[in-house]
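Dear colleague,

I am passing on the structure below, followed by notes on what was found in it. Please read the notes with the model open beside them.

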Amino acid sequence: MNYWLFKSEPETFGIDALIKSPKQTTHWEGVRNFQVRNMLRDDMKVGDLAFFYHSNCTPPGITGIVEIVKKGYPDDSAWDPKSKYFDPKSTAEKPLWYMVDVKFIKKFDRMITLDELKTHPKLQTMQVTRRGNRLSITSVSKAEWDVILRLV
């Protein structure tokens, strides 16, 4: 099993929006970074778990857990000229971008803030705590996963 951290702005799509989604499941579309695309396409498997992280807010932090319920498949929002994620270089025949489906598992009683992650001695090398990290999805080690679960 792999572990991940998925960032989303709560104003755009927060954990509460996922809870209100049909079957508490949605596709995670709109990723336009090749490194993250490769993770979505090649590395994520059904049953993997991810932290749901609210970004670009005050404070940012981990709000809950989701599960990957459908492995990577072409992101068709790239083919829709009306979509904010449209990319004319991506086609159904040669998809450039990928997405996965995630299902709500748990909302934490409190947010584990980025400041808390940064100051925890066992989480200081976690990708999300690194200066300049802008990736919308990052991997999380099993050790990091376990430490964060103990903080909840």
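Asp-42 is partly exposed, with a relative accessible area of 37%, where partly exposed lies between buried (under 20%) and exposed (over 50%), with a 1.4 Å probe and protein chains only. Its side chain meets that of Arg-41 in a salt bridge, 2.8 Å from N to O, the term meaning a side-chain nitrogen of Lys or Arg within 4 Å of a carboxyl oxygen of Asp or Glu. Arg-41 is likewise partly exposed, at 34%.

This is a predicted model, in which local features need pLDDT of at least 70 and side-chain atom pairs count only at pLDDT 80 or more, while totals for chains, interfaces and linings use all residues. Residues are numbered from 1 along each chain as its sequence is written, and side-chain values use heavy atoms, with hydrogens and water left out.

The whole structure holds 5 salt bridges. One of them joins Lys-107 to Asp-16, with the closest N and O atoms 2.7 Å apart; this pair links distant parts of the chain, since Lys-107 lies in strand E5 (residues 98-113) and Asp-16 in helix H2 (residues 15-20), 91 residues apart (helices, H or I, of at least four residues and strands, E, of at least two are DSSP runs, numbered from the N terminus). Lys-107 is partly exposed at 38% relative accessibility, and Asp-16 is partly exposed at 38%.

Another salt bridge pairs Lys-142 with Asp-146, at 2.8 Å between the closest N and O atoms. Because these residues are 4 apart in helix H5 (residues 142-151), about one helical turn separates Lys-142 and Asp-146.

Best regards
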